[in-house]
Amino acid sequence: MKMAAIGCCAWLFAAAAWAAPSEPDSEALRNWPHWRGPLANGVAPLAHPPTQWDENTNIKWKAKIPGDSTATPIVWGDQIFLITSVKTDREMEVAPPAADAPKARFNIKPPANYYQFIVMSVDRKSGQTRWQHIAKEEVPHEGHHPDGSYASASPTTDGKHLYVSFGSRGVYCYDLDGHQKWSRDLGRMTIMNRFGEGSSPVIFGDSVIVNWDHEKGSFLTSLDAATGETRWKIDRDEATTWATPLLVEYQGHTQVIINGSRRVRSYDATTGELIWACGGQGPSAIPCPVTDGKLTFAMTGFIINSLYAIPLDSVGDITRDKEKIAWKRNQGTPYVPSPLLYGDLLYFTAGNKGILSCLNAQTGEPLIERQRLQGIDNVYASPVGADNRIYITSREGTTVVIERGAVEKPEGEEKGSGKPVILATNKLDDRFDGSPAVVGDEIFLRGREHLYCISGK
């Protein structure tokens, strides 16, 4: 077998991918303030986490977490922030669904019980709960997918305040000591098939941007970070998506890029004005786009496999402008997980399976072409990268660690036939839908029952 090293690290170039402090030694880069990390691409550029663990090895602590959540925890300083929903014993009589309610698959029905929608802070050193507050208690008006939860949108922080969206249960702002500063009710969502809600908020300067795609009046809105008041609101020609916005600074302006079933769209973060749009995506848009500072990579993998590399200098609707689109691909793209952009390498899994591809982000040339990862069956968590390693976690609790920029392939085989170099395969006794958060020498994994702190020190 021949070993080939590929790609290069381009941190200053990649730092433009998130509207946060872009200096390599900035505080944001030393934390995990957003569900896709400090650069919104899945990479922890300053972290050195372990490669091996199990229930008895390299587990610094393991904490039982109440309720149910599929959201990724975030980390700032010595605190881990997460949300959860707790089913109570209190019930109310539930009216039958309205005649015009969307058809529900999996026999999903509205619940009869009240739920507590909870925001939590966990001590990073010990795993003990620092504070825990009920943001709201009510009976949800819709059910959710059997694999989902009522707490699916990850929090985000600027290091001073914590912003949380429970969707139809409201958007909330807390200081890091747990004092609520404001809340906003943006209405009720009507979700396709009643599959549940799940778009995370993002911070742009002194505003918070929330995507509100559903079946009855989708919109994108910017809220004042200090008060929660609306700064701007723009209607979207979209039905239900679960897409979290991506912020990218380009040529002195910040774009808000949102995946969609009808169009990927970019908006001016200051005004909400539409900058560009590109069709070709498929239904059930979930993966968050990523960017290398020149191109944005948007993909879907349900029914239609679609990946478009779209230049950030685009203007207007470029759907039919074949010369404008840098490159595109129609196979092996993810359904639920978001991609990982690590330097100039784009990693993603196929559908919700442990089938990995790696492309050259500039050209779309495949370096790893739909290779099955041994031990990884079903995947909802998004891959993360740190210390030139890629971490991919399955729903069944297995995490495969592979070497970034390395493939194995026999001499003479065609391009894209390489296999990833596996460094370790690790197993925990929980189920995982949230993505890993990586800070320093630690990995934080939120299971359906426990929060793990994995550390080699």
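For the entries below, Ala, Val, Leu, Ile, Met, Phe, Trp, Tyr, Cys and Pro count as nonpolar, Asp, Glu, Lys and Arg as charged, and the others, Gly among them, as polar. I note at the outset that this is a predicted model.

**Entry on the cavity.** I looked for cavities of 30 Å³ or more and recorded a count of 1. I noted a volume of about 230 Å³ for the largest cavity. Its lining comprises 25 residues, and Gly167, Met189, Gly196, Glu197 and Gly198 lie nearest the centre. I sorted the lining of the largest cavity into 11 polar, 10 nonpolar and 4 charged residues. Strand S12 (residues 207-212) gives the most to this lining, namely 3 residues.

**Entry on the cores.** I then turned to the largest nonpolar core, which has 31 residues. Trp32, Trp61, Val438 and Phe444 have the most contacts inside it. Several strands each supply at least two of its residues, among them S2 (59-64), S4 (79-91) and S33 (442-446). The largest share, 4 residues, comes from S34. I examined Val438 and, leaving aside neighbours within four places in sequence, found it in contact with Trp32, Ala44, Ala47, Pro49, Val384, Ala386 and Ile443. I also recorded a second, separate core of 19 residues, which includes Val171, Cys173, Met189 and Phe219.

**Entry on a sheet.** I traced an open sheet of 5 strands with mixed pairing, in the order S15-S16-S17-S18-S22. Strands S15 (246-250) and S22 (316-317) stand at the edges with a single partner strand each, so one side of each has no neighbour in the sheet. Within the sheet, I found S17 (residues 264-268) and S18 (residues 274-278) paired in the antiparallel sense over 4 bridges. Ser266 stands opposite Trp276 in S18.

Notes. Residues are numbered from 1 along each chain as its sequence is written. This is a predicted model: local features need pLDDT of at least 70, side-chain atom pairs count only at pLDDT 80 or more; totals for chains, interfaces and linings use all residues. Side-chain values use heavy atoms; hydrogens and water are left out. A nonpolar core is a set of buried Ala, Val, Leu, Ile, Met, Phe, Trp, Tyr and Cys residues joined through side-chain atoms within 4.5 Å. Buried means under 20% relative accessible area, exposed over 50%, partly exposed in between (1.4 Å probe, protein chains only). Contact means heavy atoms within 4.5 Å. Two strands pair if DSSP finds at least two bridges between them. On a 1 Å grid over the protein atoms alone, a cavity is a set of points where a 1.4 Å probe fits but cannot get out, and a pocket is an open set with protein on both sides within 12 Å along at least five of seven lines; lining residues have an atom within 4 Å of a point. Grid points are joined across faces, edges and corners, and a volume is the space filled by probe spheres set on the points.
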